[in-house]
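Student: Hi! Could you walk me through a structure? I'd like to go residue by residue and ask as we go.

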Amino acid sequence: MKNKLIKNFRWLIRLLSGILILFILFMFIGETFFPPESLNSNPPNTDAIAQLLVFGIVMIGLAIAWKLELTRGLVALSAYALLVIINTNALQFPLLLFYPVTALLFIVLWAVSRNVIE
């Protein structure tokens with residue numbers, strides 16, 4: 001019974017991380033290939049590029065956490081913490097909190113599945 005519950009929990013977290021990754025990919029493609037037409041459109045500065053790279057690490061961490069739950073969950077969580085250090089305004093967007101929560105869920109999944117196996 002516990003193994004089936006853990007398996008369902010694992011797939012629920014994987015589904016959530018997949019939806020989050022697809023959401024960011026759609027946003028990135030939309031902003032990259034179809035930028036908003038504005039007169040004051042400036043090229044990205046170093047801070048914006050650093051934020052994109054760090055958030056890319058969050059996405060890679062969530063994607064690889066499908067197999068390596070603890071290590072990649074920690075990578076995604078650490079990268080999100082670095083993103084918040086770079087840009088403290090990231091905490092103002094409630095939707096962005098789904099990313100560290102998902103990373104935490106992968107870590108919890110690792111801990112729970114480890115205890116059931118032993």
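Student: Which residues does Gln 51 touch, not counting those up to four places away in sequence?

Tutor: Gln 51 touches Leu 83, Ile 86 and Asn 87, where contact means heavy atoms within 4.5 Å. This is a predicted model, in which local features need pLDDT of at least 70 and side-chain atom pairs count only at pLDDT 80 or more, while totals for chains, interfaces and linings use all residues. Residues are numbered from 1 along each chain as its sequence is written, and side-chain values use heavy atoms, with hydrogens and water left out.

Student: Where does Gln 51 sit, and is Gln 51 buried or exposed?

Tutor: Gln 51 is in helix α2; helices (H or I, at least four residues) and strands (E, at least two) are DSSP runs, numbered from the N terminus. With a relative accessible area of 19%, Gln 51 is buried. Buried means under 20% relative accessible area, exposed over 50%, and partly exposed in between, using a 1.4 Å probe and protein chains only.

Student: Zooming out, how many helices and strands does the protein have?

Tutor: There are 4 helices and 0 strands, so the order from the N terminus reads α-α-α-α. The C-alpha trace spans about 60 × 25 × 20 Å along its principal axes. Of the 118 residues, 29% count as buried. Among contacts between residues at least 6 apart in sequence, 76% join residues at least 24 apart.

Student: Nice. What about aromatic pairs, how many does a search of the whole structure find?

Tutor: The search finds 2 aromatic pairs. Rings of Phe, Tyr and Trp (its six-membered ring) pair if their centres lie within 6.5 Å; planes under 30 degrees apart count as stacked, over 60 as edge-to-face and the rest as tilted. One of the pairs is Trp 11 with Trp 66: the ring centres are 6.2 Å apart and the planes stand at 80°, so this pair is edge-to-face. The pair links distant parts of the chain, with Trp 11 in helix α1 and Trp 66 in the loop between α2 (46-64) and α3 (69-86), 55 residues apart.

Student: Why does Trp 11 count as partly exposed?

Tutor: Because Trp 11 has 47% relative accessibility. Trp 66 is partly exposed too, with a relative accessible area of 31%.

Student: And the other pair, what are the distance and angle there?

Tutor: Phe 55 and Tyr 99 form an edge-to-face pair, 5.0 Å centre to centre with 75° between the planes. Phe 55 is in helix α2 and Tyr 99 in helix α4 (residues 98-117), 44 residues apart, so here again distant parts of the chain are linked. Phe 55 is buried at 12% relative accessibility, and Tyr 99 is buried at 2%.

Student: Back to Trp 11: what lies over the face of the ring?

Tutor: Arg 14 does, at 4.7 Å from the ring centre. The criterion is that NZ of Lys or CZ of Arg is within 6 Å of the ring centre and within 35 degrees of the ring normal.

Student: Speaking of charges, which side chains meet in a salt bridge?

Tutor: The structure holds 1 salt bridge, and its partners are Glu 69 and Arg 10, at 2.7 Å from N to O. A salt bridge is a side-chain nitrogen of Lys or Arg within 4 Å of a carboxyl oxygen of Asp or Glu. Glu 69 counts as buried, at 9% relative accessibility.

Student: Where is Leu 20, and what does Leu 20 touch, not counting residues up to four places away in sequence?

Tutor: Leu 20 lies in helix α1 (residues 2-33) and touches Met 59, Phe 98, Tyr 99 and Thr 102. Leu 20 counts as buried itself, at 8% relative accessibility.

Student: Last one: where is Gln 92, and is Gln 92 buried or exposed?

Tutor: Gln 92 lies in the loop between α3 and α4 and counts as exposed, at 58% relative accessibility. The C-alpha atoms of Gln 92 and Leu 77, 15 residues apart along the chain, are separated by 17 Å.
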